[in-house]
Amino acid sequence: MTSETIISIFLGIGLAASVGFRVFLPLFALSLAAYFNVWELNDNWQWIGSLAALITLGVATLVEIFAYFIPWVDNLLDSFAVPLAAIAGTAVMVSTVADLDPVVTWSLAIIAGGGTATAIRGAGATGRLASSTTTGGLANPILATVETGTATVVSIASIFAPILAAVLVIIILIVIFRIYRSLRPKAKT
């Protein structure tokens, strides 16, 4: 396995994690990177770097970001975003991984890409639902800001410093796991 392959895996995992926070923002970042020749995509995914894809993903990103600032609309979006995150996480992984057998690429994309995106999106949706029920949705814009900021930072790190992005993903997953563990009911002994 070459260093280019390893870096491409880190890029894919970082973008997949970002997809867990915002579905379209990492795809838009990848489109920008491909359009400006910062990152080369696999042959079947070159269309992501087209001007049409760049504009479409840019508009979708803006709509998604602003929609998450509307309480209760954000909960509705989460019902669509969880399955979309799995698909988009898999797609960014497949589009970026270089020089691997297709079976290995797709397996890695489904498990690491789709799995990471789904885990993060599911945790975010659960947190937003809890926020909506406990604060009447008043705290949801704060969650939206944190999620958008995290998606932006991890997307940029994924493109320009993929190893740093992989470290950020590990930290994010550890934080999510610890929060989940602290909220889980204790077993009676």
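## Annotation and overall make-up

An unreviewed UniProt entry assigns the annotation "domain: DUF4126" to residues 9–181. The structure described here is a predicted model.

In the model, residues 7–35 are 93% helix and 0% strand, with end C-alpha atoms 19 Å apart. Residues 47–69 are 74% helix and 0% strand, and here the end C-alpha atoms lie 30 Å apart.

## Helix H3 and its surroundings

Helix H3 covers residues 51–67, 17 residues in total. From its first C-alpha to its last it reaches 24 Å, close to the 24 Å expected at 1.5 Å a residue. The buried residues of H3 are Ala53, Leu54, Leu57, Gly58, Ala60, Thr61, Glu64, Ile65 and Ala67. Their cover includes helix H2 (24–35), helix H4 (73–96) and helix H6 (140–160).

Ser31 shows one side of this packing in residue detail. Ser31 is located in helix H2 and counts as buried, at 0% relative accessibility. Setting aside residues up to four places away in sequence, Ser31 touches Ile48, Gly49, Ser50, Ala53, Leu54 and Leu57.

## Salt bridges

The structure holds five salt bridges. One of them joins Arg22 and Glu147, whose closest N and O atoms are 3.0 Å apart. Arg22 lies in the loop between helix H1 (3–21) and H2, while Glu147 is in helix H6, so this pair ties together parts that are 125 residues apart in sequence. Arg22 is buried, with a relative accessible area of 0%; Glu147 is buried as well, with a relative accessible area of 9%.

A salt bridge also forms between the side chains of Arg128 and Asp78, at 2.7 Å from N to O. This pair links distant parts of the chain, with Arg128 in helix H5 (residues 102–135) and Asp78 in helix H4, 50 residues apart. Arg128 and Asp78 are both buried. Glu147 has a further partner in Arg121, the N to O distance being 3.8 Å. Here the link runs between helix H6, which holds Glu147, and helix H5, which holds Arg121, 26 residues apart. Arg121 is buried, as is Glu147. Arg22, Asp78, Arg121, Arg128 and Glu147 are linked in a network of salt bridges.

## Nonpolar core

The largest nonpolar core has 39 residues. Ile13, Val19, Leu30, Leu41, Val92 and Met93 are the residues with the most contacts inside this core. The elements that give two or more residues to the core are H1, H2, H3, H4, H5, H6 and helix H7 (162–183). H1 gives the most, with eight residues.

Met93 illustrates the contacts made by one of these core residues. Apart from neighbours within four places in sequence, Met93 is in contact with Ile9, Gly12, Ile13, Leu108, Ala109, Ala112 and Gly113. Ile13, one of these contacts, is itself listed with Met93 among the residues with the most contacts inside the core.

## Aromatic pairs and exposed positions

A search of the whole structure finds two aromatic pairs. One of these is formed by Tyr35 and Phe36 in an edge-to-face arrangement, 5.1 Å centre to centre with 90° between the planes. Tyr35 counts as partly exposed, at 34% relative accessibility. Phe36 counts as exposed, at 56% relative accessibility, because the cut-off for exposed is over 50%.

Val73 lies in helix H4. Val73 is partly exposed, with a relative accessible area of 34%. Between Val73 and Val38 the C-alpha to C-alpha distance is 35 Å, and the two residues are 35 residues apart in sequence.

Methods. Residues are numbered from 1 along each chain as its sequence is written. This is a predicted model: local features need pLDDT of at least 70, side-chain atom pairs count only at pLDDT 80 or more; totals for chains, interfaces and linings use all residues. Side-chain values use heavy atoms; hydrogens and water are left out. Helices (H or I, at least four residues) and strands (E, at least two) are DSSP runs, numbered from the N terminus. The expected span of a helix is 1.5 Å times one less than its number of residues. Buried means under 20% relative accessible area, exposed over 50%, partly exposed in between (1.4 Å probe, protein chains only). Contact means heavy atoms within 4.5 Å. A salt bridge is a side-chain nitrogen of Lys or Arg within 4 Å of a carboxyl oxygen of Asp or Glu. UniProt positions are given in the numbering used here, feature names are shortened, and annotations may be inferred rather than shown by experiment. A nonpolar core is a set of buried Ala, Val, Leu, Ile, Met, Phe, Trp, Tyr and Cys residues joined through side-chain atoms within 4.5 Å. Rings of Phe, Tyr and Trp (its six-membered ring) pair if their centres lie within 6.5 Å; planes under 30 degrees apart count as stacked, over 60 as edge-to-face and the rest as tilted.
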